[in-house]
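Please look over the chain shown below, and then read the briefing on how some of its charged side chains pair.

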Amino acid sequence: MVHHHRASLLLHHTQQQDQAAGGKMEELRCRLADCACHHRKHGHDALLLMLAGFAFVSCLLLVLLLPSSPFSAAMDDLLQLGRSTRCDQESTPPAPAPAPCSAVANGTICCDRTALRTDVCVMRGDVRTQAATNSLFLLLPANSSSSTGADERIRPYTRKWESSVMSTIDELRLRAVPEASRCDVRHDVPAVVFSTGGYTGNVYHEFNDGIIPLYITARRYNRKVVFVMLEYHDWWITKYGHVLDQLSDHAPVDFASDNRTHCFPEAVVGLRIHDELAVDASRMPGSESIQDFRQMLDDAHRGRVNAIIQEEEEKAAAVATAGSMKFRPATAVRSDDKPRLVIVSRNGSRAIENEAEMARAARRAGFRVDLLRPRPDTELAQMYRVLNGSDVMVGVHGAAMTHFLFMRPGSVFIQVVALGTDWAAENYYGEPARRLGLRYIPYKILPSESSLYRQYARDDPVLTDPVAVNAKGWQVTKKVYLDGQNVRLDMPRFRRRLREAYGQWAAQRQGSKPL
């Protein structure tokens with residue numbers, strides 16, 4: 001399950017909203033300026049008339065607006081246009097400010113601890129590993145006047161506000177020293193050091209806390225980087241090996257088990273993270289976005305998906321030959337005359353009790369329906385193949401909804417929002433899905449559609465005020481709403497979502513083809 005952290009991130013989201021409001025006001029000022037430029041191009045008299053109108057309105061509002069207000073600033077912009085603005089020139093947005101520690105002098109250690117979610121330290125110079133003491137050493141230059149240097153400690157995981165999980169992450173000591181062990185393996189590319197511990201094993205956290213931050217941090221190196229991993233897991237490498245191959249040309253290093261001294265010209269310890277399942281293009285060196293991340297997933301899985309298809313065709317051909325049956329490739333069995341809807345099925349909590357009825361309704365609505373029941377050992381390429389080839393994904397809020405990342409932009413994502421999960425459903429999956437370019441359709445259930453309706457009185461806060469119940473803490477939310485309820489869809493209500501999804505598909509029929 002996703003580990004909710006609503007209270008601890010409220011400040012972060014409030015700051016984002018303030019920044020968004022400031023951006024909207026800046027957009028207002030720019031639009032007013034653009035309007036004035038347009039009129040100036042088509043006649044000076046029109047500009048004067050417009051300015052006179054704004055001046056009249058300004059007089060009326062003078063008692064309401066402070067001189068330093070954004071609206072007064074917008075008026076000032078207009079009045080200055082005739083003297084200081086050239087309408088045939090487009091304004092260029094300022095370049096994003098460099099991240100702290102992005103420019104580090106040789107022979108130094110710089111740690112950025114300003115972010116809410118993560119710490120990142122950069123070591124530049126002669127960097128050497130020492131697994132026995134969980135240390136990274138930066139060898140001081142021979143002409144250094146100091147016999148000792150910086151001494152930092154860091155747990156390289158992207159949930160630093162959660163002390164409970166951070167206590168399970170190995171702590172690294174970063175030290176500048178005058179001498180260190182000789183190099184057993186010398187690399188001519190930087191290292192990115194991170195942990196695959198914490199909540200690894202939950203697909204949401206694997207992507208949100210690990211894979212996407214790794215993409216954000218490593219993309220700038222254009223695959224000329226070595227990944228040094230704490231809490232190394234063989235199964236994680238097997239699962240995400242194709243993704244790692246897109247980000248690095250080098251084999252990863254198991255920090256704890258490799259006792260050799262690895263030497264690097266630079267080490268970035270910790271991963272940068274932007275938001276929930278997000279890549280902020282304004283903070284990326286090449287302006288990459290979440291769409292670019294998804295393209296990387298496409299590139300990572302294309303070869304294996306094609307191999308799976310070939311294996312299936314060969315098996316089908318062998319069966320057909322043995323049975324003297326006419327063979328038809330699996331890829332030709334399905335036609336494209338109907339949109340494909342995939343139901344991501346859950347076992348245990350938050351299961352759809354009338355899932356079979358929902359599937360029948362989807363077929364009657366015009367969909368080809370597939371049921372997907374991911375298991376811990378399900379190959380990621382298999383999941384990618386199914387969802388990349390789908391037009392609509394339906395599922396109840398939970399970690400498996402992370403797989404919307406595998407869908408093509410323009411596809412439809414219907415998330416069934418169980419009782420008490422509104423905030424998490426929107427922030428962890430709804431908004432990220434929109435950023436990816438999906439058509440997001442939330443289906444918020446009524447209390448009567450929850451199994452909790454059969455367990456609690458009609459006026460119980462569990463049914464009438466989930467916000468107040470969630471305010472009691474994560475453990476209560478987990479017990480009541482995440483582990484304690486199933487869903488029985490009101491099919492007349494849900495059919496409206498199916499019709500909406502079909503209409504969205506019809507408008508996207510000319511979109512991209514699956515792998």
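Glutamate 353 forms a salt bridge with arginine 488, the closest N and O atoms being 3.5 Å apart; a salt bridge here is a side-chain nitrogen of Lys or Arg within 4 Å of a carboxyl oxygen of Asp or Glu. Glutamate 353 lies in the loop between strand E11 (340-344) and helix H9 (355-364), and arginine 488 in the loop between helix H14 (474-482) and helix H15 (491-507), so the pair ties together parts that are 135 residues apart in sequence. This is a predicted model, in which local features need pLDDT of at least 70 and side-chain atom pairs count only at pLDDT 80 or more, while totals for chains, interfaces and linings use all residues. Residues are numbered from 1 along each chain as its sequence is written, and side-chain values use heavy atoms, with hydrogens and water left out.

**Exposure of this pair**
- Glutamate 353 is partly exposed, with a relative accessible area of 31%, and arginine 488 is partly exposed at 41% (buried means under 20%, exposed over 50%, partly exposed in between, with a 1.4 Å probe and protein chains only).

**Other salt bridges**
- The side chains of lysine 160 and aspartate 119 meet in a salt bridge at 2.8 Å, N to O.
- Lysine 160 is partly exposed, with a relative accessible area of 26%, whereas aspartate 119 is buried at 15%.
- Arg113, Asp119, Glu152 and Lys160 are linked in a network of salt bridges.

**The whole chain**
- The count comes to 34 salt bridges.
- Of the 515 residues of the chain, 46% count as buried.

Methods: Helix = DSSP H or I, 4+ residues; strand = E, 2+ residues; numbered from the N terminus.
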